[in-house]
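Me: I'm new to looking at protein models. Could you walk me through how to read one?

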Amino acid sequence: MKIAWVAALPFVAADLGALFGGWLGGRLIARGASLDAARKRVIWLGALMVPVAMPAVFVESPYVAVLLVSAALFAIQVKSSALFAVPMDLFPSRDVASVWGLSGAAGSLAAAFAQPFIGWLIDHYSYTPVFAIVSTMHIASALAVMLLIPRIAPLGFASGPAPGGAR
């Protein structure tokens, strides 16, 4: 029974991170932050917290390692809670599902194609480079948001029926 609590902790931490990130974004907006500022602050908060997982590969205690990974999963979900809302902020409602479908497919394909490389890194080195990559990729994605989306706001597409007459 003891192992069940330890094994569940990362998932509970991720759930709490998603709830906290959503709450924090709403709180920032309610206190006067723009949508752009609120989303980007939450994205950066989560991204900058993810590297807390890095020491997990060096600690002796499996419990400490699980706590560090749990903290990182909390942070990833804080970031994701704001990032997942961005397509709704940018695109008309008729396009949001398609945008998320393309984004999800791209992410899944990237993850699938990365698996052999991750396995190779672990086989030839250790988990250390994998944790380093994961710890920094969230900062890189936050930078990408800043560069590719200078202002989170509706993109101003013409309204009206979608192509083919669908609504």
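**Reading helices and a pocket**

Reply: Happy to! Let's begin with a pair of helices that touch: F20, G21, L24, G25, L28 and I29 in α1 meet L35, A38, R41, V42 and L45 in α2. Sorted by class, this contact of α1 with α2 has eight nonpolar, two polar and one charged residues. Keep in mind that this is a predicted model.

Me: How many helices and strands are in the protein chain?

Reply: The protein chain has six helices and zero strands. Starting from the N terminus, its elements read α-α-α-α-α-α. For the overall extent, the C-alpha trace spans about 60 × 40 × 35 Å along its principal axes.

Me: Back to that first pair. At what angle do the axes of α1 and α2 cross?

Reply: Picture a line through each helix, then look at the angle between the two lines. Helix α1 covers residues 2-30, and its axis crosses that of α2 at roughly 145 degrees, with the two coming within 9 Å. Their crossing is right-handed.

Me: Which way does α2 run relative to α6, roughly parallel or roughly antiparallel?

Reply: Start with the angle again. The axes of α2 (residues 35-49) and α6 (residues 128-148) cross at roughly 160 degrees and come within 8 Å. Angles over 145 degrees count as roughly antiparallel, so α2 is roughly antiparallel to α6. As for handedness, α2 and α6 cross in a left-handed way.

Me: Which residues in α2 and α6 meet?

Reply: From α2 come K40, I43, W44, A47 and L48, and they meet H138, I139, A142, L143, V145 and M146 in α6. By class, that contact has nine nonpolar, one polar and one charged residues.

Me: Now for empty space. How do I find where it is left?

Reply: The general idea is to roll a probe the size of a water molecule over the atoms, which shows where empty space is left. In this model, the largest pocket has a volume of about 1200 Å³. It is lined by 38 residues, and the closest to its centre are K79, L83, M137, H138 and S141.

Me: Which elements give two or more residues to the lining of the largest pocket?

Reply: They are α3 (62-83), α4 (86-90), α5 (93-124) and α6.

Methods
Residues numbered from 1 in each chain as written. Predicted model: local features only at pLDDT ≥ 70, side-chain atom pairs only at ≥ 80, totals over all residues. Heavy atoms only, no water. Axes fitted to C-alpha atoms, helices over the stretch in contact; angles between N-to-C directions. Helix = DSSP H or I, 4+ residues; strand = E, 2+ residues; numbered from the N terminus. Parallel < 35°, antiparallel > 145°, perpendicular 65-115°, else oblique. Left-handed = near helix turned anticlockwise from the far one by under 90°. Contact = heavy atoms within 4.5 Å. Nonpolar A, V, L, I, M, F, W, Y, C, P; charged D, E, K, R; others polar. 1 Å grid on protein atoms, 1.4 Å probe; cavity = no way out; pocket = protein on both sides within 12 Å on 5 of 7 lines; lining within 4 Å. Points joined across faces, edges and corners; volume = space filled by probe spheres on them.
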